[in-house]
Amino acid sequence: MLKGINQWGYPENTSLDDLFRHASLAGYDAVELNLNPSGGIGLTMNSTADDAQDILSLADRHGIRLRSLSTSLLWKTPLSSPDPAVRVQGAAVVAKQIELASLIGMDTVLVVPGAVTPEVSYEDCYRRSQDEIRKLLPLAEQHGVYIGIENVWNKFLLSPLEMKRYIDELESPMAGVYFDVGNILLYGYPEQWIRLLGKRIKKVHVKDFNPHVGNGSGFVPLLAGGVDWAEVRRALTETGYSDTLTAELSPYAADPYQMTYDASRQLDLIIGGSNHIQE
């Protein structure tokens with residue numbers, strides 16, 4: 001498996017040159033970039049094909065691969081919104097992700113499909129988000145880019161059986177799962193999800209979580225929480241997953257870049273570079 005880190009792991013104003021340099025020095029194989037609002041660093045809704053090529057060339061110079069593209073923009077323009085105009089905006093975000101991913105050679109975009117809220121019922125979230133994703137799948141198929149549905153704290157797709165059904169009902173080889181190990185710990189066991197979802201998993205985010213805290217403050221450095229990493233590694237191996245494990249962590253307050261280096265060593269243990277994680 002490849003070691004990756006998300007752009008969110010660096011201070012917000014970090015240039016891509018510095019980001020790729022630190023990632024390379026820390027021993028990462030890949031960096032996951034984010035689709036940012038206009039004016040952000042890196043890929044944005046205004047990025048052109050030339051911009052994408054420049055970023056790919058910069059990553060190549062640092063020996064860094066670009067395997068996937070995430071975004072936070074869909075939280076503001078959810079595909080499950082009751083407002084059709086908002087859903088159109090959300091679909092434009094995903095379409096831009098797919099376009100840029102294809103130009104750079106990434107094979108997966110991370111998509112949060114929607115959120116259940118007092119205004120959006122579970123049933124409506126399910127139906128609307130599937131309807132919007134179905135419209136986007138021909139574009140994904142054209143470009144050979146997976147739409148990876150992520151499990152997040154959105155009160156939606158709360159069991160592996162439901163996630164499996166949701167993906168299978170889309171009836172496309174380009175519909176898959178972007179699995180987040182740490183997010184599951186509040187209401188499930190990641191190794192069970194991995195074994196049930198199997199080949200539907202196209203990419204994996206790693207972070208750790210203390211379920212006893214039970215809120216966003218419970219996210220902790222890798223190996224410091226409740227994830228059974230030996231079992232997660234075993235499940236990934238059983239399902240044949242050999243792609244990127246991408247650390248999605250926040251910079252340290254005291255030394256923002258040190259997290260990058262610590263997480264790299266922790267990923268070495270998770271992937272199997274040491275037997276300190278008991279089998």
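User: Which residues line the second largest pocket, and how do they divide into nonpolar, polar and charged?

Analyst: In this predicted model, the second largest pocket has a volume of about 240 Å³. Its lining includes Trp-8, Tyr-10, Pro-11 and Leu-19, along with Gln-7, Glu-12, Thr-14, Asn-34, Asn-36, Pro-37, Gly-40 and Ile-41. Divided by class, these residues are 6 nonpolar, 5 polar and 1 charged.

User: Which element gives the largest share of the lining of the largest pocket?

Analyst: The largest pocket holds about 560 Å³ of space. Among the 23 residues lining the largest pocket, Lys-207, Phe-219, Glu-248, Leu-249 and Ser-250 are the closest to its centre. Two elements, β9 (219–220) and α9 (258–271), each give two or more residues to this lining. The largest share, 3 residues, comes from α9.

User: How many residues in the lining of the largest pocket are nonpolar?

Analyst: The lining of the largest pocket can be sorted by class. There are 3 charged and 5 polar residues, and the nonpolar ones number 15.

User: Why are the buried residues of α7 on the same side of the helix?

Analyst: Helix α7 spans residues 190–197, and its buried residues are Pro-190, Glu-191, Trp-193, Ile-194 and Leu-197. They lie on the same side of α7 because the arc they cover around the axis is only 160°. An α-helix has 3.6 residues a turn, so residues three or four places apart point the same way. What covers the buried residues of α7 includes α5, β6, α6, β7 and α8. The value behind the one-sided placement is the arc of 160°.

User: Which residue follows α7, and what is its phi?

Analyst: After α7 comes Gly-198. The phi of Gly-198 is positive, near 55°.

How values were computed
Residues numbered from 1 in each chain as written. Predicted model: local features only at pLDDT ≥ 70, side-chain atom pairs only at ≥ 80, totals over all residues. Heavy atoms only, no water. Buried < 20%, exposed > 50% of the residue type's maximum accessible area, 1.4 Å probe, protein only. Helix = DSSP H or I, 4+ residues; strand = E, 2+ residues; numbered from the N terminus. Arc of directions from axis to C-beta. Contact = heavy atoms within 4.5 Å. 1 Å grid on protein atoms, 1.4 Å probe; cavity = no way out; pocket = protein on both sides within 12 Å on 5 of 7 lines; lining within 4 Å. Points joined across faces, edges and corners; volume = space filled by probe spheres on them. Nonpolar A, V, L, I, M, F, W, Y, C, P; charged D, E, K, R; others polar.
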